[in-house]
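Hi there,

Here is the structure I promised to pass on to you. Have a look at it first, and my notes on what turned up follow below.

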Amino acid sequence: MQDKNLSLSGKNVWVTGSSRGIGKAIAEHFASCGANVLIHGSRPDSTRVFNEGESLESNAKGIADQYGVTCLAVTGDLTDWKTVTRIVDEIHQKLGTIDVLVNNAGGDIGTKGVAADMAGKPDGNDATNISVEDIKTVMDRNFLTCVFCCKAVAPEMMARKSGKIINIGSIAGLKGLPGAAIYASSKAAVHEYSRCLAVQLRPYDINVNVIAPGDTLTERYIASRPTDDSRKVHEGTLDRYGWPEEVATAVEFLATEASRFITGEVIRVDGGSQVWPS
């Protein structure tokens, strides 16, 4: 018998940025745990960029059929407040309350988008040479989307004194980097915003935490940089790449009642590549 503290059966979970990669793995994992899932992409066909599905709708149908849960697709640009509120209203109309919010949308992706060279990494990707346009794009894509979705969903959780918010940060936001400085800064902002929100929501019994993945093998990760084949193993060493499902199970823990007395934390899922205090 499954421990009731670990049960997600019947919960409604919105995973932003879940058309591919880590977000897709998180959504599928929640469905396997019996949760109803809202998957999200910026466009209906964003699944096709790295061949991770024909469309968002087809992915939703596949998840629903495989796991016997409700899985719906929502689309839109989460850097736009009106779009965020429209999506939240759509979720309420189609499924009801949002029990768990997973803010996964983001990435080190500039204004040219993921179809550009190196899967969209900005040109001059450091603290001084990155373009003004890419600074805004990367900050908005990672930080603003998180803030907007929390702002839209937290009030309903506060009203019923129930809910879980898990924001996806990065170990990049926990150290200085010679490259990807704006991405690292945006994820550090996600970490600190999550701490602030966690303190605000403590009286409402709502947990807010962050998962900070390390190098995780997704199709975009492989497309955006050289990779080391010797580190593409699943076991036998922690000195390897992470796999999306390993991030997903950590997110699951933070979504269950097993983590009910944990809030305001940034938890690395990186095999110990960083071992100093956050």
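Strands, like helices, are DSSP runs numbered from the N terminus (E and at least two residues for strands, H or I and at least four residues for helices), and two strands pair if DSSP finds at least two bridges between them. Please keep in mind that the model is predicted, with local features needing pLDDT of at least 70, side-chain atom pairs counting only at pLDDT 80 or more, and totals for chains, interfaces and linings using all residues. Residues are numbered from 1 along each chain as its sequence is written, and side-chain values use heavy atoms, leaving out hydrogens and water.

Let me start with the sheet. It is open and built from seven strands, ordered S3-S2-S1-S4-S5-S6-S7, with parallel pairing. Strand S3 (71-75) and strand S7 (266-269) are at the edges, each pairing on one side only. From one strand to the next, the twist averages 20° (axes are lines fitted to C-alpha atoms, for helices over the stretch in contact, and angles run from 0 to 180 degrees between N-to-C directions). S7 is joined to strand S6 (residues 207-213) by four bridges, and isoleucine 211 has isoleucine 267 in S7 as its bridge partner.

Now to the helices. Helix H3 (residues 81-94) lies across strand S1 (12-15), strand S2 (36-41) and S3, at about 160° to S3. Helix H5 (residues 181-201) lies across strand S5 (164-168), S6 and S7, at about 160° to S6.

H3 also packs with helix H4 (residues 132-160) at an angle of about 40°, their axes being 9 Å apart. Which residues of H3 meet H4? They are Trp81, Val84, Val88 and His92, and among their partners in H4 are Phe148, Cys149 and Glu156 (contact means heavy atoms within 4.5 Å).

Finally, the overall dimensions. The C-alpha trace spans about 45 × 40 × 40 Å along its principal axes. Buried residues make up 52% of the chain, where buried means under 20% relative accessible area with a 1.4 Å probe, protein chains only.

Enjoy exploring!

Best wishes

Terms used
Buried < 20%, exposed > 50% of the residue type's maximum accessible area, 1.4 Å probe, protein only.
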